[in-house]
Amino acid sequence: MKLGYTIIYVADVPKTIAFYEAAFGLQQRFIHESNLYGEMETGETVLAFAGNEAAEMNGLAILPNDPKGPAAGWEICFVTDDVAAAYDRALSNGCRPVSAPSLKPWGQSVSYVRDLDGCIVEIASPIQKPT
Amino acid sequence: MIVQHHRDTPKTVTPIITGPATRAYTVSYDAGDQWFGLRLRPESGAALWKGAMAQATDTVLRGQEAIDLVPPLAELDGRHLTLKEIAPLVLDHTAQSVDTRLTRALDVLHASGGRIRMTTLAGFLSCSTRQLNRLFRANTGLSTKTYAQLIQFHRTLGLITRARLPITAAAFEGGYADHAHMTRAFGRFGGFAPSRVPPDLTLPQLFPQ
């Protein structure tokens with residue numbers, strides 16, 4: 001077994017995909033014609049979005065994300081060499097700041113924002129392999 | 001809103017308007033009868049029931065009673081109208097548009113399987129639980145709490161029948177505190193115990209399954 005998908009339930013799939021394209025520079029793979037499911041081009045492990053209605057269709061009960069409330073207890077993390085530029089880009093495209101880039105004792109630059117639905121997104125540099 | 005065509009007298013139709021149902025009920029019909037109808041979003045209840053929303057819960061109007069509420073339904077008699085032709089007859093376009101906060105509240109409530117706390121739900125909409133309850137009662141005819149309990153019941157029923165969960169697992173995932181809690185809800189809304197779901201139960205689906 002391997003991790004295939006991370007699927008986030010959101011209020012508006014096309015709007016979220018457009019947001020992720022602008023804020024994080026990702027590209028969409030496709031949006032289903034129902035507008036209830038869409039995937040980003042994230043390589044082998046897919047980041048996907050599904051409409052909150054899709055949860056009910058699948059028999060799931062979820063607590064929808066709320067930008068005004070505390071975030072759900074998980075995050076996604078994008079890795080880049082230029083954390084400061086990615087953080088600025090995210091903020092100028094509608095993300096709310098949580099923590100500006102800072103250098104951790106183990107040498108990693110780490111920042112946090114919240115997306116349009118209030119989900120936590122971490123933007124960090126790769127962990128340096130010990131030389 | 002349902003239109004019934006009778007088997008023996010297909011030209012005679014019976015218009016039926018049902019309010020929000022909080023109890024199971026039996027529908028009698030003859031083999032060969034046919035129905036078609038419009039299912040409105042719950043927040044549109046007031047557009048159909050107008051001033052009578054408060055009396056709509058668990059009410060079924062048939063024939064003349066339905067026509068009294070929506071007079072254009074009289075035009076159906078002896079005619080075969082498509083849904084597209086019926087919709088404008090039935091819906092009151094002068095009705096005030098529904099508060100978008102209620103539409104959002106209903107979406108969140110459904111997504112949560114009726115399990116979200118009322119204070120959390122009100123927080124989504126930046127309003128108080130009292131305001132939320134007023135919106136629910138005025139437009140759907142039900143309190144927020146009753147609406148949530150109905151969603152919870154229907155979902156848990158689906159966990160037993162469609163997802164084939166054991167009853168204890170369904171109670172837990174459905175959000176019932178214990179078996180007795182679930183049994184009370186099933187008795188109130190469905191009229192049966194969780195262990196005795198009628199095999200021929202027909203559940204109106206919000207989505208095609």
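Into which domains is chain B divided? Chain B splits into domain 1 (2-90) and domain 2 (100-196). These bounds come from an automatic or database domain assignment.

The model is predicted: local features need pLDDT of at least 70, side-chain atom pairs count only at pLDDT 80 or more, and totals for chains, interfaces and linings use all residues. Residues are numbered from 1 along each chain as its sequence is written, chains are lettered from A in the order in which they are written, and side-chain values use heavy atoms, with hydrogens and water left out.

**Within chain B**

The C-alpha centres of domain 1 and domain 2 of chain B lie 26 Å apart. In the contact between them (heavy atoms within 4.5 Å), 13 residues of domain 1 of chain B meet 16 residues of domain 2 of chain B. The three residues of domain 1 of chain B that lose the most area to domain 2 of chain B are Thr22(B), Pro42(B) and Glu43(B). Together they give 48% of what that side buries. Buried area here is the accessible area (1.4 Å probe) that two parts lose on being put together, summed over both.

One salt bridge is found across this domain interface. The term means a side-chain nitrogen of Lys or Arg within 4 Å of a carboxyl oxygen of Asp or Glu. Asp107(B) forms a salt bridge with Arg41(B), with 3.2 Å between the closest N and O atoms. Six residue pairs are in polar contact between the two domains of chain B, both residues at pLDDT 80 or more. A polar contact is a pair of N or O atoms within 3.5 Å; within protein, one must be able to donate a hydrogen and the other to accept it, and residues adjacent in sequence count only if both atoms are side-chain atoms.

**Within chain A**

Chain A is assigned domain 1 (1-64) and domain 2 (66-131). Their centres, taken over C-alpha atoms, are separated by 19 Å. Domain 1 of chain A gives 16 residues to the contact, and domain 2 of chain A gives 17 residues. On the side of domain 1 of chain A, β1 (5-10) and α1 (13-24) each give two or more residues. α1(A) gives the most, with eight residues. Helices (H or I, at least four residues) and strands (E, at least two) are DSSP runs, numbered from the N terminus.

A UniProt record (unreviewed entry) places "domain: VOC" at residues 2-126 of chain A. That span is 22% helix and 35% strand.

Glu44(A) and Lys2(A) form a salt bridge, the closest N and O atoms being 2.8 Å apart. Glu44(A) lies in the loop between β3 (37-40) and β4 (46-51) and Lys2(A) in the segment before β1, so the pair ties together parts that are 42 residues apart in sequence.

**Between the chains**

Chain B brings 17 residues to the contact and chain A brings 13 residues. Zero salt bridges are counted between chain B and chain A. Five residue pairs are in polar contact across the interface (both at pLDDT 80 or more). On the chain B side, α5 (100-111), α6 (118-124) and α8 (144-161) each supply at least two residues.

| Interface | Buried area | Share from carbon and sulfur atoms |
|---|---|---|
| chain B and chain A | about 1200 Å² | 59% |
| domain 1 and domain 2 of chain A | about 1200 Å² | 72% |
| domain 1 and domain 2 of chain B | about 980 Å² | 55% |

Methods. UniProt positions are given in the numbering used here, feature names are shortened, and annotations may be inferred rather than shown by experiment.
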